[in-house]
Amino acid sequence: MKEDGWSQVIDSNHLFKGAMFMKQYSDLEFLRLSRWGKFSYRLNSFFCGIPQGIKNALFGAGRFFKKLGRGIGGEFGELFRTFREGDWKTRASYLVMGFGSMARGQIMRGLMFLLFEIVFIVYMALPTGGLFWLKKLCTLGDHGVTKVTEVVYGQTVEKVIPGDNSFRILLYGVLTIFFIVAFIYTWRLNVRQNRIAEGILKSGKKLKSGKDDLRSLVDEQFYKTLLALPLTGIVVFTVMPIVFMVLVAFTNYDGTHDGANNLFTWVGLDNFNTLLSWQGGNNVYSAAFGEILSWTLIWAFFATFTNYFLGMFVAMMINKKGIKLKKLWRTVLVLTIAIPQFISLLYVGKMFAKNGLVNLSLINLGWIRPGQELPFWEEPSWARITAIVVNIWIGIPYLMLVATGILMNIPQDLYESSRIDGANAWQQYTKITLPYMLFITGPYLLTSFTGNMNNFNVIYLLTGGAPTNARLSTAAGSVGHTDLLITWLFKITTGAESKYYMASVVGIMVFVVVAVISLVVYNLLPSIKNEEDFQ
Amino acid sequence: MKKENIVMEQGQPRLKRHMGQKAANTISNTIIYILLIAMSVIWLLPFIFIVLQSFRVELRGPVGYVVPQTWGLDNYRGLLTSDFKRWYLNTFIIALAVAVLQTVIVLCMSYTLSRFRFKMRDGLMRFMLVLGMFPGILGMIILYRVLKDLGLTQVNAVPGLILVYVASSGMGYYVSKGFFDTIPKSLDEAARVDGATRAQVLMKIILPLAKPIVIYTVLTAFMAPWGDFVFAKYISFGTSAGMNVAVGMYSWLNLDQISSRYTMFCAGGVVVAIPVTILFLCLQKYYVEGVTGGAVKG
């Protein structure tokens, strides 16, 4: 791939290659290092690689925007050229969509374009249509519900005059913007159709009929048919809610300002300010955010790697030559995947509670006295460790399956030849098994790390975030020592004040953290394989 | 003589090492067996406890022993008179519908992304990757209000939940795309040369070959609704008739209910786990294939 000038300049300076920070060894020099030397070299090169990863990500983004700019320029150029070089049918299509297609005999295609244009114009022009919502979108409504008392036939009647509804305004505003984007895209398609049709006619070929169009939807363009349903679902139920919620982060939408009874409005970056400004430690939100974020990262790290290594260990034990009943051991573990997690999590959670099975049996056995129960969920550090341990219990069977599949794929002659060379089991593990596993499962590790950051079920069903962190709890929702960002988000929305805007800001922060980690690690991973190679 | 000596000298240590290895092997195998047995016990015990406690009659709260003093089916009878029946039915309907619809959507998506090369393909895949980095709960706040306006929450939570689960399921295409990638493209091309349309290729050639991944998708889609907590909690919002088993049974372990419902929770857990587990064990082969394949292809 051709890189642009900037990155070449930087590359040639070795600014980001880590050359400034460390000596780079050749392969031979590396092999002569001691074990610790190798380890520290690897560690060092990992951290020195981080700037490189960030650089790659930044340049990737740069290239993307450059491409985008070029694309937009090209679009306008093409629009202009099509108009200048086209005939009158083409030119008419700029105003009446589908006109060119119909005039050239592609009636069905043309009608679809025209119908879409009519629907669009009607929707925009309706009294409570697109333009109406767009206009309101700037303020999110200016008059709320008013109550007027009127005297009707001698009786005072309270009459409610409905006002603006901020929620609807924001929702329909977003919908309208989506609709406008779709319209522009379709209009562009309509213009391009004309250009293509003119070209085909000029070369003396015949245009496709409506029947041909339909047939191509189950043939060359079958992908359009297949993608229609899934993509509609994703746009309506994932993209739009996300756009809406991102916008909510810039408003004061909460339980009291619900949009219908009390309007909500734009507040700019205030909410981000609330979450992120330190204010000498007086700001409960920023303190809570800092603490929860660091626990989330610690949790994700331990949850991922304990499961990974222990799962691999278990898989290797079962895989070992000479171990009998392999199938039985695997089935026992796999069985626990089948049982819905909420049952096992809730049950085990209660098992370790203050008056749960474990403490009560210890009392019955006489090992501890009543009142001395082990504080599994009561002390912050106990709760955190117990959560990680229970997560190991939940996660090992799954990781065992993953690891088994991969371990079986390692070529056996690698082990044979290493044994002849006198390698012991530990050397085989560190030199063959582990590198192979890490190489293959790199992307999987990344996704399971981010998945663990958002592991709502395990934390919420196990601890519910307990023990409560009294110092950081606010009226908006309690904060616990085992709360992850995601459970905190949930608690904020279901708390007494339902501060949706704060939930939204937290959600955006989760996205930012996950995206940064993914981008950096992804660019460092060795096992990004070319997709086409696989097929 | 001399030659034999040398052979002896070389042979003996080798033999010794061999013997030593054998002994070491036996020891390590014994340790492994002990570990495996211990693990099996640890992994199975909680479930055995649940089953045992579900038959306990004398006390309904958490206690310090496992084996019931009086055995009985009171807890299971209790399930029949509580809202549990409704929750169970809700979850079962959701699971069936999701299993069918989600499979169709995921297969459409993954087959397309595996076989077709169109202009927006890479952009689409990258877009969905980024989209997946947003926490899914975030969108629920608005979806709840929209579904409420449509009358698909609380009592009518079942269709609402099906809609929510199915609509965004297209994003989970990775595992089955990985599977389709392993089916040689030459099969498609051969059929296309013979005059089959793309749709015919999918229906007549690829789908019969894709049986393992279809079963895997159905199985995971069927199992997910049994364990979902957060979406179901949002959409049913405090209305018992619209809850699924997870949300409903969660409330049994609240502080005010746990002393009277704990054993019923165990009984409910057994009733929920049995059909899912049996189904899972029957189709275990396909699940294992899907999981291991999925991790390799990322």
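How many salt bridges does the count come to over all chains? The count comes to 17. The legends below describe close-up views of a predicted model.

**View 1. The interface of chain A and chain B.** In this predicted model, 92 residues of chain A are in contact with 98 residues of chain B. The area buried between the two chains is about 8,700 Å², and carbon and sulfur atoms give 78% of that area. On the side of chain A, Phe237(A), Phe342(A) and Tyr347(A) lose the most area to chain B, together 9% of what that side buries.

**View 2. Polar and charged pairs between chain A and chain B.** Across this interface, 9 residue pairs are in polar contact. The count of salt bridges between chain A and chain B is 1. The side chains of Arg168(A) and Asp149(B) meet in a salt bridge, with 3.3 Å from N to O. Helix 10 of chain A, residues 222–248, provides the largest share of the side that touches chain B, namely 17 residues. By class, that side of chain A has 64 nonpolar, 16 polar and 12 charged residues.

View 3. Side chains of opposite charge can pair when their charged atoms come close. Glu75(A) forms a salt bridge with Arg192(A), and the closest N and O atoms are 3.4 Å apart. Glu75(A) lies in helix 3 (residues 35–85) and Arg192(A) in helix 8 (residues 166–202), so the pair ties together parts of chain A that are 117 residues apart in sequence. Glu75(A) counts as partly exposed because its relative accessibility is 29%. Arg192(A) is also partly exposed, with a relative accessible area of 25%.

**View 4. Further salt bridges of chain A.** The side chains of Asp483(A) and Lys491(A) meet in a salt bridge at 2.7 Å from N to O. Asp483(A) is buried, with a relative accessible area of 0%, and Lys491(A) counts as buried at 12% relative accessibility. Elsewhere, salt bridges that share partners join Glu75(A), Glu78(A), Arg188(A) and Arg192(A) into one network. Glu85(A) and Arg84(A) form a salt bridge through their side chains, with 3.7 Å from N to O. Glu85(A) counts as partly exposed at 45% relative accessibility.

View 5. Leu325(A) lies in the loop between helix 12 (284–319) and helix 13. Phi of Leu325(A) is near 60 degrees, a positive value in a residue other than glycine. Leu325(A) is exposed, because its relative accessible area is 54% and exposed means over 50%. Helix 13, residues 326–338, has 13 residues and reaches 19 Å from its first C-alpha to its last, close to the 18 Å expected. Among the buried residues of this helix are Trp329(A), Arg330(A), Leu333(A) and Ile337(A).

**View 6. The surroundings of Ser110(B).** Ser110(B) lies in helix 3 (residues 84–115) of chain B. At 0% relative accessibility, Ser110(B) counts as buried. A polar atom of the side chain of Ser110(B) lies 2.7 Å from the backbone oxygen of Val106(B). Not counting residues up to four places away in sequence, Ser110(B) touches Tyr173(B), Ser176(B), Lys177(B) and Phe180(B).

**View 7. Tyr153(A) in a loop of chain A.** Tyr153(A) has its place in the loop between strand 1 (146–152) and strand 2 (155–161). Tyr153(A) counts as exposed, at 83% relative accessibility. The C-alpha atoms of Tyr153(A) and Lys431(A) are separated by 94 Å, and these residues are 278 residues apart along the chain.

Methods:
Residues are numbered from 1 along each chain as its sequence is written. Chains are lettered from A and ligands numbered from 1 in the order in which they are written. This is a predicted model: local features need pLDDT of at least 70, side-chain atom pairs count only at pLDDT 80 or more; totals for chains, interfaces and linings use all residues. Side-chain values use heavy atoms; hydrogens and water are left out. Contact means heavy atoms within 4.5 Å. Buried area is the accessible area (1.4 Å probe) that two parts lose on being put together, summed over both. A salt bridge is a side-chain nitrogen of Lys or Arg within 4 Å of a carboxyl oxygen of Asp or Glu. A polar contact is a pair of N or O atoms within 3.5 Å; within protein, one must be able to donate a hydrogen and the other to accept it, and residues adjacent in sequence count only if both atoms are side-chain atoms. Helices (H or I, at least four residues) and strands (E, at least two) are DSSP runs, numbered from the N terminus. Ala, Val, Leu, Ile, Met, Phe, Trp, Tyr, Cys and Pro count as nonpolar, Asp, Glu, Lys and Arg as charged, and the others, Gly among them, as polar. The expected span of a helix is 1.5 Å times one less than its number of residues. Buried means under 20% relative accessible area, exposed over 50%, partly exposed in between (1.4 Å probe, protein chains only).
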